[in-house]
Amino acid sequence: MKKLIINGTVVDGTGKPGYKANVLVEDDKIAAIGDIQPAEGMEVIDAAGLVVAPGFIDTHSHSDLKILEEPEVAPKVMQGITTEILGQDGISMAPLPVEYISPWRKNLAGLDGDSDNINWEFKNTEGYLAMIDAVKPGLNECYLVPHGNIRMEAMGLENRQPNEEELEKMRQITRREMEAGAVGLSTGLIYMPCAYSESKEIIEMCKVVAEYDGIFVIHQRSEADTILDSMEEVIRIGRESGVKIHYSHFKVCGKKNWDKIDKVIELLEKAEAEGIRVSFDQYPYVAGSTMLGVILPPWVHDGGTNKVIERLHDPELRKKMVYDIEHGIPGWDNFVEFAGLDGIFVTSVKTQKNQDAVGLSLTELGKLRGKDPYEATFDLLMEEENAVGMVDFYGTEEHVQLFMKRPEMNACTDGLLGGKPHPRVYGAFPRILGKYVREDKALTLEEAVYKMTRKPATTFNMEGRGEIKVGNYADITIFNPDTVIDKGTFTDPVQFPEGIEYVLVNGGVTVTNGKHTGNRSGVVLRQKDKKVVK
């Protein structure tokens with residue numbers, strides 16, 4: 001059936017001023033834009049007073065497991081997202097050799113959750129993407145092959161450097177997964193086993209990715225004390241491999257590091273002047289979210305989750321953990337130092353026993369358990385087998401806006417979907433439109449839409465998406481610029497936003513009048529011939 005969107009203001013994603021026009025959709029494509037009149041048999045969507053924009057693209061998502069169990073991914077599509085990129089932070093679903101399923105599920109649980117309801121024997125990216133195809137996703141899904149999974153398949157979970165044979169195996173696995181449709185490579189250099197690697201290892205994999213004009217997406221080694229050294233490492237990887245660099249959730253953590261921001265920006269500009277292609281994504285909040293286990297010193301994670309649990313049982317090792325957290329380790333991003341025990345909150349746990357911890361700061365957890373907060377936190381991580389999510393407060397509104405205005409920036413959610421999540425899971429994109437465009441005037445409406453659509457589509461080589469244009473796929477988000485806003489808070493985050501009125505995914509109407517229709521018309525997008533396509 002043909003669909004005609006009438007009376008709206010088209011903000012096409014290019015950054016140009018909005019204009020009045022009707023938009024005709026035929027099947028999964030935009031067929032015409034202009035003074036098109038309704039005809040018999042057309043489904044008409046009246047967008048009077050509304051903005052007609054391309055569907056939003058979330059370049060940092062953690063729906064990797066959730067997509068298989070709840071394929072509509074309502075928290076994303078209800079905020080106008082029509083495409084998301086999975087496989088973030090170097091640890092995700094595939095590749096996953098059968099012999100590593102058990103330890104890897106534990107390692108992954110803090111970020112993406114765990115489930116006994118799926119068949120974990122999908123083995124590789126091809127198998128995993130076929131599972132997403134089979135559940136008929138509610139939005140378009142792309143996948144980055146994760147460094148940690150590659151390393152695990154090539155050499156296990158040990159803390160050591162690869163030999164030449166293992167390094168060659170990493171290159172081969174990277175090539176295999178790129179051929180299966182991965183859009184690039186991700187790493188998270190604070191997460192195990194990625195953190196064990198040196199630059200050489202990453203450069204070798206990135207050389208393969210560069211052959212496909214894929215992208216290297218990185219949670220860098222430090223976003224705090226050693227961020228300048230960390231950025232130099234990332235730039236070196238780009239320089240020596242030729243790969244496009246994309247920094248995940250770009251920020252500078254901790255008050256004592258805020259004086260580094262000018263130098264951080266200088267490094268971005270220096271890399272670009274050298275011809276290195278650089279971009280980053282950002283979520284519009286002064287708090288981040290990840291697995292609580294990152295507060296533990298790096299040595300605690302050697303050998304994987306089973307070893308973490310074993311070490312947490314040892315009172316003497318607990319004392320060493322507290323000492324290292326209190327005194328720091330050179331080169332380690334110490335979350336307790338820059339957020340404080342009262343600035344880190346538990347967002348999810350695996351068992352019923354510890355549900356009372358969800359929503360509490362680590363200080364409050366200590367009071368509830370009648371223990372030192374460190375001991376209470378270690379008990380929680382031990383009992384939950386490290387499958388605990390957290391929110392941490394790290395920065396200021398001024399810095400959020402500074403990075404938001406940068407030309408390298410595009411929007412993302414980076415939200416973990418379990419338990420009591422960070423509110424960005426439900427509201428990151430509407431928050432930019434409501435708070436940072438309408439209220440704070442940090443961006444114009446056209447700039448914001450560009451950073452949510454055309455900018456990420458171009459960065460990730462997505463063909464036919466990110467712009468309201470004849471011939472492009474009909475991924476369209478229609479919102480009210482006067483009311484759009486996020487509703488979730490850190491204490492009550494599970495709330496859909498206001499003002500997202502209609503969402504079309506490949507021409508299928510998924511949201512009508514702010515309500516989900518149950519429609520699922522998303523597809524898996526795969527890299528092919530240096531383009532990301534349906």
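**Exercise 1.** How much space lies in the largest pocket, and which residues lie nearest its centre?

*Solution.* The model is predicted. Begin with the volume: the largest pocket holds about 450 Å³ of space. Next, consider the lining, which consists of 24 residues. Ala-109, Asp-112, Gly-113, Asp-114 and Gly-418 are those nearest the centre. Then assign the lining to secondary structure: at least two residues come from each of α1 (66–69), α3 (101–112) and β16 (344–348). The largest share, four residues, is supplied by α3. Finally, classify the lining of this pocket by residue type: ten residues are nonpolar, nine polar and five charged.

**Exercise 2.** Describe the second largest pocket by volume, lining and residue type.

*Solution.* The space in the second largest pocket amounts to about 380 Å³. Its lining has 27 residues, and Leu-189, Ile-190, Met-192, Ala-195 and Pro-298 lie nearest the centre. By type, the lining of the second largest pocket comprises 16 nonpolar, eight polar and three charged residues.

**Exercise 3.** In the open sheet of three strands, what is the strand order, and why is one side of β15 and of β16 left without a neighbour in the sheet?

*Solution.* The order is β15-β17-β16, and the pairing is antiparallel. β15 (287–291) and β16 stand at the edges and have a single partner strand each; therefore one side of each lacks a neighbour in the sheet. From one strand to the next, the twist averages 30°. Turning to the pairing itself, β16 joins β17 (residues 389–393) in the antiparallel sense over four bridges. Within β17, Val-391 is the bridge partner of Phe-345.

Terms used: Residues are numbered from 1 along each chain as its sequence is written. This is a predicted model: local features need pLDDT of at least 70, side-chain atom pairs count only at pLDDT 80 or more; totals for chains, interfaces and linings use all residues. Side-chain values use heavy atoms; hydrogens and water are left out. On a 1 Å grid over the protein atoms alone, a cavity is a set of points where a 1.4 Å probe fits but cannot get out, and a pocket is an open set with protein on both sides within 12 Å along at least five of seven lines; lining residues have an atom within 4 Å of a point. Grid points are joined across faces, edges and corners, and a volume is the space filled by probe spheres set on the points. Ala, Val, Leu, Ile, Met, Phe, Trp, Tyr, Cys and Pro count as nonpolar, Asp, Glu, Lys and Arg as charged, and the others, Gly among them, as polar. Two strands pair if DSSP finds at least two bridges between them. Axes are lines fitted to C-alpha atoms, for helices over the stretch in contact, and angles run from 0 to 180 degrees between N-to-C directions.
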